[in-house]
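The sequence and structure come first.

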Amino acid sequence: MTMAAGLGTCIFSLPSLQRLTTTTSAGTTTTTAASLPFLRTCSPSFPLLFSTRVSQKTRQYSSEIKASSSTTFTESRDLKVNTIPTKPIEGQKTGTSGLRKKVKVFMQENYLGNWIQALFNSLPPEDYKNGLLVLGGDGRYFNKEAAQLIIKIAAGNGVGKILVGREGILSTPAVSAIIRKRKANGGFIMSASHNPGGPEYDWGIKFNYSSGQPAPESITDMIYGNTLSISEIKLADIPDVDLSSVGITKYGNFSVEIVDPVSDYLDLMEDVFDFSLIRSLVSRSDFRFTFDAMHAVTGAYAKPIFVDKLGASLDSICNGVPLEDFGHGHPDPNLTYAKDLVNIMYSDNGPDFGAASDGDGDRNMILGRQFFVTPSDSVAIIAANAQEAIPYFQSGPKGLARSMPTSGALDRVAEKLNLPFFEVPTGWKFFGNLMDAGTLSICGEESFGTGSDHIREKDGIWAVLAWLSIIAYRNKNKSPGEELVSISDIVKEHWATYGRNYFSRYDYEECESAGANEMINYLRDLISKSKQGDKYGVYTLQLADDFTYTDPVDGSVASKQGVRFVFTDGSRIIFRLSGTGSAGATVRIYIEQFEPDVSKHDLDAQVALKPLIDLALSVSKLKEFTGREKPTVIT
């Protein structure tokens, strides 16, 4: 295990650049050049604030925007813009959270440039011309090179200013926070979230709008349409930007401001939470805390927040140095991939509280000593305790919401607190409209995403601070040596009040797309023939459908969001294909059963759900369609 003791450095050299040979005509300069400096691989020569394990040779890639023999240039208030001919590239349709592919795909000629230009072609000019944009990412391999290209295309399209996290580092929640605080027009997030990083693995890009939320489908659909017809890329002729130092650099009417990645986000967290209350818990000698940054972006935030502000010891942060390849790990905070944290928390003398976050910092996992809190339970418990433990909610939450596959635990809290409740498709963008309409405060997804209307993204560190606030509030009157209220105590008390929703998710990653799609089509055909009262073993069908959502704010409709079998006892089995991977298809099966009897709350979830799990595998014919014997991950 690597403890956060400091940050490594490495230096990359600029590639050699060739001179331009130009000829000038009235108002326009044309060039014949074998190589253009602003079209070359962007490899800035400055120290990094994070370590890397990637060979220098892998930096020689072919992602440069190629110039033809008739590239045109235009001058605008001292800013030269190059119009680079290009052609459409197939496969640039965004998924649930942006465009995600293998790194080598993005390194293909004009691949990233086409998508970024298609985005600007899709936005109304008033949404970016002379405006302010934000740019950051999770520190993964290829981010620095991509940042230089995005900056130049933004300048080429008339953006006035772009804020960039130092070294290109900004967590997804921080980008949302900065957009909102600085009143930016939007922002780019360079991340493939919880997917692996490195030359052979994943990269991703998405755009968030002025409210800080992911771009709606109306925009992402338009981006995809424009990728099919794109003919040119507008690229400003400016040098690579030094991302290592906070400050402002101007190029004519365009400027780049390098900002500290933590400060605005930390200010917001101090507005939301009572840091003195949390500090009273974290600094106790009888309370031990561990946070696993998984060598991902929250490593840049963990020490400033948990150590410097809240008084945790430095050795409470593990895997705290952000790495371009996440330490050869899979930065997905679950029981399978966060094994370092799980081993610590399930040891004989484990800490009282453990948490992990993912690649870009928007997901979280919460653990007590030898106790796992499901994400579905986590958001329900935060909602049930928010008003008394978190100052931001002192007037009570406005409303609650969950994604459709997430268990019904949150529904029961909404009912008891008499709050508006919403069930939406998977994808954080569906919560944003409800938040902007003032009807939603706290929401979550079973995929380890939890958050509130303080920003418009799920927020891993926010969830950790919410749990620390609840534990601190429950123990604020405990004297030294007195037994503390634990995470397991809080969860079991919640179950006793609301009942327990046994829940599990089976992930089958990187299945052959054809077989996975055939399975979903088979299930859709099956539900079309099903009717209420049909028997599935001991279970009686209440409804079977392919979930459709009509947004109560703007009336937009999202269809085919997951095949559901809901039974009369409240049990559910759900089937979806995930849109967050970069290759193949991930089949997800969700199984849920409600148990009101307190005497049955201590069963292992896999034992309690076995009849439903067996039914789900049988009904779906998963093995027949995918060839998979076992899931990749069980949550």
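How do the residues of the lining of the second largest pocket divide into nonpolar, polar and charged?

## Second largest pocket

The lining divides into nine nonpolar, six polar and five charged residues; Ala, Val, Leu, Ile, Met, Phe, Trp, Tyr, Cys and Pro count as nonpolar, Asp, Glu, Lys and Arg as charged, and the others, Gly among them, as polar. A pocket is an open set of points on a 1 Å grid over the protein atoms alone where a 1.4 Å probe fits, with protein on both sides within 12 Å along at least five of seven lines, and lining residues have an atom within 4 Å of a point.

The space in this pocket is about 400 Å³, taken as that filled by probe spheres set on the points, which are joined across faces, edges and corners. Of its 20 lining residues, Phe372, Arg500, Leu603, Asp604 and Ala605 are the closest to the centre. Two or more lining residues come from each of β17 (371–373), α14 (487–498), β22 (500–511) and α16 (605–608); the largest share, four residues, is that of β22. Helices (H or I, at least four residues) and strands (E, at least two) are DSSP runs, numbered from the N terminus.

## Model and confidence

This is a predicted model, in which local features need pLDDT of at least 70 and side-chain atom pairs count only at pLDDT 80 or more, while totals for chains, interfaces and linings use all residues. Residues are numbered from 1 along each chain as its sequence is written, and side-chain values use heavy atoms, with hydrogens and water left out.

The protein averages a pLDDT (the predictor's confidence in each residue, from 0 to 100) of 88, and 87% of the residues score at least 70. Over residues 1–64, pLDDT stays under 50.

## Helix α7

In α7 (residues 275–282), Phe275, Leu277, Ile278, Leu281 and Val282 are buried, that is, under 20% relative accessible area with a 1.4 Å probe, protein chains only. They lie on the same side of α7 because they cover an arc of only 160 degrees around the axis, taken from the directions from the helix axis to the C-beta atoms. Their cover includes α6 (263–272), α8 (299–309), α10 (375–389) and α13 (460–474).

Note on methods:
Buried < 20%, exposed > 50% of the residue type's maximum accessible area, 1.4 Å probe, protein only. Contact = heavy atoms within 4.5 Å.
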